Amino acid sequence: MSEYNFAYLDEQTKRMIRRAILKGLAIPGYQVPFASREMPMPYGWGTGGVQVSAACLMPEDVLKVIDQGADDTTNAVSIRKFFEKTAEVETTAATSDATLIQTRHRIPEEDLTEDQILVYQVPIPEPLRFLEPRETETRKMHALEEYGLMYVKLYEDISQHGQIATAYSYPIKVEGRYVMDPSPIPKFDNPKMEMSAIQLFGAGREQRIYAIPPYTNVVSLDFEDYPFEAMKADGCCALCGADHTYLDEVIIDDDGGRMFVCSDTDYCESRRAAGHVGAQGAPQNQEVSAS
Amino acid sequence: MTPLLQVKNIKKNYGARLGCKDVSFDLYPGEVMGIVGESGSGKSTLLNCLAGHLEPDQGEVLFNTRIEGMRDTLQMSEPERRMLARTDWAFVHQNARDGLRMGISAGGNMGERLMAVGDRHYGQIRTQAIEWLEKVEISEERVDDRPSQFSGGMQQRLQIARNLITGPRLVFMDEPTGGLDVSVQARLLDLIRSLVRELGLSAIIVTHDLAVVRLLADRLMVMKSGHVVESGLTDQVLDDPQDAYTQLLVSSVLQV
Amino acid sequence: MIEIKNVSKTFTLHNQSATSINVMRDANLVVNAGECVALTGNSGSGKSTLMRMIYGNYLTQEGEILINGVDVVQAEPRDIIELRKTTLGYVSQFLRVVPRVSTLNVVAEPLLKIGVDAKVAEERAKELLSRLRIPQNLWQLSPLTFSGGEQQRVNIARGFAHEYPAMLLDEPTASLDAKNRETVLTLIKDAKARGAAIIGIFHDEAARDRVCDQQIDVSIFTPKAAA
């Protein structure tokens, strides 16, 4: 029996967060300010995502938590345990079994459904922040749809690197109106953002919530002569042989030896269970932990 | 001919202190108006009121917009005014750093206004940026350098180019050559003169330097303690000043 | 044509115990197209002053100054600017230029200002500079370092670049040697021939007598000092 209120937060706080979520869903991509609470973890460790999840969780939910695609890294494990203790909900590593998925910096490879909610952890919600430090200015820019500066950033990339070099947090335009930071997911994941599930974004330190409802139009910004490309490392997963997933690079010895494996651990396991084997694949049940 | 800008009875107070009062004038296409005065004369206050940076307590600033004819810019909504400031108007700050993004390349600075009005072709944006850099005598090689790597004079020229790339009809300048070395000043004034003539610009230039105003301005307003004490043709006001203060100002200038 | 009617001028020096000096009263003068009128009188009698008043450089307290029908005394600043561009030319005693501009561009500028094609303007400038014997190797340099005589010739070239219907010439032959003086007098005669109305100040009596149809001593307009 837990001495906490269900999912840690008191009911009034949850209602406040739900109001923010509803606003966010009503205005896709718009950053809704909310009164972020103190959570039993420091800022920068997913407090925004945790608050959004806490407000959404129902006792019958099945929760999955991933960090960089993996269920078994420290942060994912901590957050999952946090909800196991304070909400006593069922948890899982299987994407298709989950009803609510909290993620840091990746979108699962498997297509999500209308019955699922994806909650992103966001460090800096403001896509223009690094070019325009003033909050007063960036709010005006969003209000007046003045996004020239965002294109300046892409221009700078091309002039310095010959291509748009932004590899993650690649800015998107949502429903043709708001420019949004999708959180530090690799740009490879951007096309997945047109999906059937509800996407919610929580930034605890910056105190913002935003949302993308299902089937919303999401366009990654680019130039006519430098169109957006969702890129990933060449090659296949060494364990399951997939050539269409986002790969993590793993250093395996002191000589700099490396292998590429699927960043989405659950997806990789499912593939191996189904019989796919990669170049360095081992029979299923033998896991290599991604660092 | 319709004036490009009609200023009527501008008044601005800072609490109990007077910023400027009873300022009215018309500006026609291709005209350059100089506003001179010493510190505290109210000239910068006036310029900022006209350019939309400060809200005056009274008065109208009517601008002949391209689509809707004469409109009081003080009554415009903020999005309209910001759009105006980005397209048909330009503001050259005394300190180039206030008018540039120091952390972005020269090309990026040049392209920002274009991208802000919807240009989405990298190659074309870059070509225009380079063309304009050449117009202000900045070499093409510097297009990817940051303004922090430029000299003061170059920064100022970059600021001017960045403002003019969208073809504004009215340019506000606040001490455009202030703080620059004398030889650099000469070059800059030369450039401003040519651009004004080539592009048919109208300009309002605030300065305390009478030599600058004689060079650049067709007409002149002399301000003291928030009031306009004299106005007229530049050469007439400087050669045959009528007002006591103007006479004092003109006679105080050191001869070289 | 140039018409001056009942014109008066007073200088008020506020910072010198508000002294008021009435230097001219009831000045009247008419210059018809094709005529050249010389202003004479001792130094300080008001010749240059009157010229500056006609140009709008000095304010006129009373009267009318009509240049082809436009009254300079009442005109708006921008009308005077327009007048100076197209109708009224002024060759002052001293060359006043923007630093760093080449001699060629200094002379071409009046034409560029009224929209003449750059190439055409440049050709005209070259023609005048050659006529006034300014060596070609100086054309790309700023005239600020030239000798007094050279500067005066550049000044004149600039003044005659555009064919003004009305012209004001203040000591156009000063500092010039005989040959160049001849050239300038020819320029003035040509201007008269095409119908320009000219007012000039000439210290050189011979030159004055050669080109001027009339002479007005401006000291007749100076109010007599109280006895």
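How many helices and strands does chain A have? Select chain A and colour it by secondary structure: there are six helices and twelve strands, where helices (H or I, at least four residues) and strands (E, at least two) are DSSP runs numbered from the N terminus. What is on screen is a predicted model, in which local features need pLDDT of at least 70 and side-chain atom pairs count only at pLDDT 80 or more, while totals for chains, interfaces and linings use all residues. Residues are numbered from 1 along each chain as its sequence is written, and chains are lettered from A and ligands numbered from 1 in the order in which they are written.

Stay with chain A for its overall form. Its C-alpha atoms fill a box of roughly 60 × 55 × 35 Å along the principal axes. Buried residues (20 or more other C-beta atoms within 10 Å of the residue's own, with C-beta atoms placed from the backbone) make up 47% of the 291 residues.

Next, select chain B and colour by pLDDT, the predictor's confidence in each residue, from 0 to 100. The mean for chain B is 91, with 99% of its residues at 70 or more; confidence is lowest in helix α7 (residues 182–199) of chain B, at a mean of 83, and highest in strand β4 (residues 58–65) of chain B, at 95.

Now show chains A and B together. Their contact (C-beta atoms, placed from the backbone, within 7 Å) takes 16 residues from chain B and 15 residues from chain A. On the side of chain B, the elements giving two or more residues are α2 (78–87), α4 (106–116) and α5 (122–135) of chain B, and the largest share, six residues, comes from α4(B).

Move to chain C and select helix α5 (residues 148–161) of chain C. Eleven of its 14 residues are buried, so the helix is largely enclosed by the rest of the structure; among them are C:Val154, C:Ala157 and C:Phe160. What covers these buried residues includes β6 (88–91), α3 (103–113), α4 (118–131) and α6 (178–193) of chain C.

Finally, pick C:Val107, which touches C:Ala125, C:Leu128, C:Leu129, C:Val154, C:Ala157, C:Arg158 and C:Ala161, not counting residues up to four places away in sequence. C:Val107 is, with C:Ile54 and C:Ala157, one of the residues with the most contacts inside the largest nonpolar core, of 203 residues; such a core is a set of buried Ala, Val, Leu, Ile, Met, Phe, Trp, Tyr and Cys residues joined through C-beta atoms within 7 Å.

Conventions. Contact = placed C-beta atoms within 7 Å. Buried ≥ 20, exposed ≤ 12 C-beta atoms within 10 Å, placed from the backbone.
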